[in-house]
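Subject: Structure handover, cavities and pockets

Dear colleague,

Here is the structure you were expecting, with the sequence alongside.

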Amino acid sequence: EGGWAEDGKGESIWDWFGQQGHVHMNQTTNVACDSYHKIDYDVYLLRGLQLKLYKFSISWPRIFPTGIRNSFCPQGVNYYNKLINSLLDSNTEPMVTLFHWDLPQTLQDLSGWQNESIIDTFADYADFCFATFGDRVKFWITFHEPWVISYAGYGTGQHPPGITDPGVASYKVAHSVIKAHAKAWHLYDDRYRSQQHGKVGIVLNSDWAEPKTPTSSEDVKAAERYMHFMLGWFAHPIFVNGDYPDILKSQIQQKNQQCSISVAILPSFSEEEKSIVKGTADFFGLSHYTSRLISTAVNDTCIPAYENVGNFSQHVDPSWPQTASSWIRVVPWGLRRLLKFVSQEYTGTRIPIYIARNGVPTEDGGDVINDTKRTDYFRLYINEALKAIKLDAVDVRTYIARSLIDGFEGPVGYSQLFGLHHVNFEDGNRQRTPKESAYFFSSVIEKNGFPRELLYAHLPFLFIYPSFPFLMPCWLMLLGWIY
């Protein structure tokens with residue numbers, strides 16, 4: 001959004017993180033892509049793509065500068081009201097995320113998600129948003145990628161608040177987030193659903209884990225552990241039985257016994273908390289980018305690192321195409337396998353799956369407009385989602401592309417570009433220019449399928465459905481994402 005300190009907005013942990021010099025080339029969120037001042041133009045871009053749905057995030061400190069209701073900022077509320085109304089005037093459904101990592105710094109000063117009092121604070125913030133915007137917003141996401149919040153923010157310290165405590169803080173934070181999500185869902189269910197008729201869910205990120213050696217039972221078990229340490233950590237309590245997966249609990253217990261110390265401390269849910277957490281999602285939001293080959297750990301130590309506690313090692317096939325981001329390899333078939341796994345483990349025919357984030361970055365430099373690699377990535381991954389729907393009978397309702405425009409990308413700042421539209425960050429006006437991928441998406445939406453001239457342009461071996469007559473009308477909800 002930019003406008004980091006305008007109209008009464010409070011400081012977020014990402015504002016602080018950048019200003020402390022923890023981001024690539026000391027870049028900050030101060031202006032970013034400047035969406036705060038460009039609602040009209042960005043909605044114009046959305047109309048050009050003919051989008052049906054747009055996913056964006058509310059910045060908690062923009063409406064509650066100190067994180068609590070008595071610091072209410074009317075200018076911040078006006079900004080989101082204008083955005084929501086502009087979307088609806090353009091026949092675009094808003095999908096709103098309540099928390100996409102930008103915690104008010106004042107709450108972090110009170111220990112943030114490690115302090116359980118934040119559960120009630122978040123619920124009050126969610127209550128305000130439901131009451132203020134819920135007459136027009138019908139799709140709510142409580143948390144975007146809580147694994148990243150817990151792992152990168154409190155485990156490795158790569159994200160703010162920069163805490164490096166993977167054995168204790170990471171699990172404690174996840175526990176608070178899960179309970180905050182459940183409280184917000186029940187609040188909506190009890191107070192607002194009957195009048196507003198909306199849906200509330202959560203977006204969980206996950207790689208697909210493929211055994212490095214499929215004939216090795218140890219690698220198969222390691223891949224299963226990887227899935228439950230990444231996805232099951234959050235999905236199992238919410239979508240299965242209100243508690244952590246047995247694999248996660250037993251692995252941590254085994255590691256602690258093996259080391260004769262508490263390498264990792266996984267909090268427990270009371271029976272009452274289990275009943276509160278279980279079933280608190282109207283849809284399963286899935287964020288996915290890449291896959292990993294997983295083997296059992298080769299160095300078994302008592303260091304409380306993520307891989308060590310889980311007893312697995314990550315690898316990539318050297319034939320998998322690289323991208324501008326070191327952690328993203330192009331592995332389209334992993335999405336189909338992941339969707340099938342989610343359906344079998346968590347959703348079945350009861351709960352729809354919304355692919356809520358998928359995309360690939362290009363580097364800032366060279367030809368940023370002719371982003372053929374991104375277009376090919378989208379074509380490949382959308383095609384695998386279609387296979388999951390048509391061949392595996394997985395109930396996938398949306399595909400959400402990352403993202404409408406280039407933006408601030410966490411620790412790497414503006415060095416990696418995810419947008420369908422290029423943003424010139426050297427230009428004070430933050431000029432937007434459509435990329436090749438923007439025209440591709442517009443054509444896909446207009447034709448309700450892959451345009452014939454694009455079917456085999458780069459990828460003659462693809463298994464592609466040229467049209468989508470079997471899909472629900474809500475399938476092609478292609479949209480961008482902003483902070």
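In what follows, Ala, Val, Leu, Ile, Met, Phe, Trp, Tyr, Cys and Pro count as nonpolar, Asp, Glu, Lys and Arg count as charged, and the others, Gly among them, count as polar. Please keep in mind throughout that this is a predicted model.

The structure holds 4 cavities of 30 Å³ or more, and the second largest cavity contains about 90 Å³ of space. Its lining is made up of 14 residues, and those that lie nearest the centre of this cavity are Ile13, Phe99, Trp101, Ile149 and Pro160. Two or more lining residues come from each of the elements α1 (13-19) and α7 (146-154), with α7 giving the largest share, 4 residues. When the lining of the second largest cavity is sorted by class, 11 residues are nonpolar and 3 are polar, while no charged residues are found there.

The open spaces come next. The largest pocket has about 830 Å³ of space, and it is lined by 32 residues, of which Trp147, Val148, Gln158, His159 and Trp327 lie nearest its centre. At least two residues of this lining are supplied by α7 and at least two by α10 (217-241), and the largest share, 4 residues, again belongs to α7. By class, the lining of the largest pocket has 15 nonpolar and 11 polar residues, together with 6 charged residues.

The second largest pocket has a volume of about 350 Å³. It is lined by 20 residues, and the closest to the centre of this pocket are Gln322, Thr323, Pro361, Thr362 and Lys373. The elements that contribute two or more residues to this lining are β10 (362-363) and α15 (372-390), and the largest share, 5 residues, is that of α15. The lining of the second largest pocket divides into 8 nonpolar, 7 polar and 5 charged residues.

For the second largest pocket, the element to find is α15, which supplies 5 residues.

With best wishes

How values were computed:
Residues are numbered from 1 along each chain as its sequence is written. This is a predicted model: local features need pLDDT of at least 70, side-chain atom pairs count only at pLDDT 80 or more; totals for chains, interfaces and linings use all residues. Side-chain values use heavy atoms; hydrogens and water are left out. On a 1 Å grid over the protein atoms alone, a cavity is a set of points where a 1.4 Å probe fits but cannot get out, and a pocket is an open set with protein on both sides within 12 Å along at least five of seven lines; lining residues have an atom within 4 Å of a point. Grid points are joined across faces, edges and corners, and a volume is the space filled by probe spheres set on the points.
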